[in-house]
Amino acid sequence: MKLLTGNDLKTGAVTWWTGHDWSIHIEDAINAGDRADEIARREEAARRVNAPYAVDAEQRDGKPRPLHIKERIRALGPTVRPDLTLKPADPDHREWVI
Amino acid sequence: MAEIIRFRDDEPVDHPAVTVDSFLDQSNANAVRVEPGDDARALIPHLAQLHLVEVNFPAFGDGRGYSSARVLREAGYDGELRAVGDVLVDQVAYMKRCGFDSFEPDTTLDPDTLGAALARWPEVYQSAADTRQPIWSKRHA
Amino acid sequence: MYLYDKYDQAMVDARVEEFRDQARRRLEGKLTEDQFKPLRLMNGLYLQLHAYMLRVAIPYGTLNGAQMHALADIADKYDRGYGHFTTRQNIQYNWIKLEEAADLLSDLAKVEMHAIQTSGNCIRNISSDHFAGAAADELVDPRPYAELLRQWSSFHPEFSYLPRKFKIAVIASDKDRAAMRLHDIGIRIVQNEAGEPGAAFYVGGGMGRTPMIAPCIREFVPLDQLVTYSEACLRVYNRYGRRDNKYKARIKILVHELGAEEYTRQVEEEFAHLQQQGIEPPLAELERLKTYFADPPFDDGPKTVDRSDPDFALWVDRNTIRHKHDAHVSAVISLKPIGGIPGDASADQMHLMAELAKQYSFDELRVMHTQNIVLPHVRIADLPALWARLDEAGLGAPNLDTIEDIIACPGLDYCSLANARSIPVAQKISERFSANGKTAALGELKLKISGCINACGHHHAGHIGILGVDKKGVENYQLLLGGSEAEDVALGKITGPGFSEDGIVDAVETAADVYLRERSDGERFLDTYRRIGIDPFKEALYG
């Protein structure tokens, strides 16, 4: 599957395409499939996202997981500062990233 | 093509500029266009004959034209020096310092933004091809 | 240290307003990201892995207490309570919002700081010797020359769209503590045979994917021609540096492809021309700058310390450096606690360092390219009190230049260019060596880690270097041996196939053990490596 990701123009936060909007939570991401480029162009032109691009992903345990570690780190936060990630209290999240 | 913004009072040259190669071949034109890969120094023996030098910026990130402009001004060229192509409003102030005195950007520059950009810098740190007095000179005037 | 006059302040204030206007136009859609990117980069603002990242310039690594306090306040106000000191002697914040960036720059300008030209294809922040003005071995303080060039290079109208970034370092000692010959231009202030001061120019060094050691292109440039000669070096580069391939666009490739001799010939020709143009500030300007770097009022006092506390004695031995005034030392605050993130400091730690600078170091601090902080002028009599404060705050690690004093780039934890994480490898290595007790025996051993080939972690220049690569989506680490960024500059060699994250920690220990087995009296790791070559290490690593 293909996820569409980018950054919020104002805040820089990593965001994921949910089918109708952008979310900071990768769990909300949908498969953008072969429409990824078209959606990216449209959303960037409307400044709802900055520098969007598509990433390859799989479904694992019912939620999307990017195939490359870089995108998994993007999705959660720095592995060396779990306190600053989106899931500071979740002991399994490191497992999910690495 | 957008309009030409000029900072000089003389009549503009009204015919198209020729390439550096064809200028050096035939040598009776008075307007020439310098591409980023051209050596502006090749024009130095012919400066008295030139009324317009266009320096092309095919992409705004390619800064060779800034040096071409200074090379020509330092050699004494006082005709029109025009930046053409992918010229962005945030670059015009630096280009003026390098000796450009007219601009023909691919995309029209918003006049208010251009005015603000040109008024931006109260001082300059370097001596360049314009007449602005650098900070070091003011400090030791 | 240098203080702004009304001109400097006006320029920095104008820059803040320019950026405020540019950011507004971007948010309103009047600038595309492609158009905005070079503008934000020239103000140090990147779009990184998690957010916008802002790199603040610390010219030649020098700052005062008020500036360090301001950096701490910015960490709290605009970021998440910490900052990262970098190998360019700068500081980076990782979680900045575009809509707040101009306000942040405005706060910086209030303490005479900025983020000007900390990225982009322009002349970057100028680095220097972190012990400048304090070192016992320097000819002169190199910082007035660095400041002269900082002003010349700021908002340079001709050199803001260069083929690629451009880094300058200035030193004034035979000892090189600034990796001078691994810069686009390295300048060493020297004396000629007549005893007159001048500058030796080294051009075309760099790390990155094609590391090169800069050749000397001129042994003596008179001090009243420094700016003109620099302008000549840059103009030749701007006109002829490659623009067809960003990986071949640095000046090192131009100098390499032309040959140092031909590049030098072109520079000399341009220099002869530019000398007629009147672009050089008068020597009076250099004299003005020098007055800002005059010695603080050093006092006589005790020259030795009470060594009865072994922890304190170890810190003094490892982390203090001989000073030109014998009742003082330069004290290094290690930002490398065991298992910590190299170069990170919390806002609280920054505030403390600022206070300590005020109390013990004539209000001055330095950022080292090795990601530590220096209090340059500490009275030897004050060392016990200083150390107690540092130790209490977790800033007393006694590990300068040891294997625990690791340079690491942010790596894949923060950087969108990275191929592998650097920080966890640094953490594991420092934990391993603090646990196995070999750190002391290994002595001076400079270990440097980069998470990709761009070499922000200086892996080419490490006695031991580590390069993170992406091996089919899995992090993999190559080992390099024999590099140095000092006056004995050398580029490390890759030992062979790479290692996993845990494998590279074992490999570093294996290499360290080869040294411990093979060394002769007084040899550092690098000396032993140079004597015995890479083969015994390969044998131990790959059998």
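This is a predicted model: local features need pLDDT of at least 70, side-chain atom pairs count only at pLDDT 80 or more; totals for chains, interfaces and linings use all residues.
Residues are numbered from 1 along each chain as its sequence is written, with chains lettered from A and ligands numbered from 1 in the order in which they are written.

Chain C holds 17 helices and 20 strands, taken as DSSP runs (H or I, at least four residues, for helices; E, at least two, for strands) numbered from the N terminus. Its C-alpha atoms fill a box of roughly 60 × 60 × 55 Å along the principal axes.

Chain C also meets chain B: 27 residues of chain B are in contact with 32 residues of chain C, contact meaning C-beta atoms, placed from the backbone, within 7 Å. On the chain B side, helices H2 (64-74), H3 (92-97) and H5 (135-139) each supply at least two residues, and H2(B) gives the most, with five.

Over in chain A, strands S1 (residues 2-7) and S4 (residues 50-60) pair in the antiparallel sense over five bridges; pairing requires at least two DSSP bridges. Asn7(A) has Asn50(A) as its bridge partner. S4(A) also pairs with S5 (residues 63-66), antiparallel over four bridges, with Glu58(A) opposite Arg65(A). S4(A) and S5(A) form a hairpin with two residues between them, and Asp61(A) in the turn has a positive phi of about 50 degrees.

Terms used
Two residues are in contact if their C-beta atoms, placed from the backbone, lie within 7 Å.
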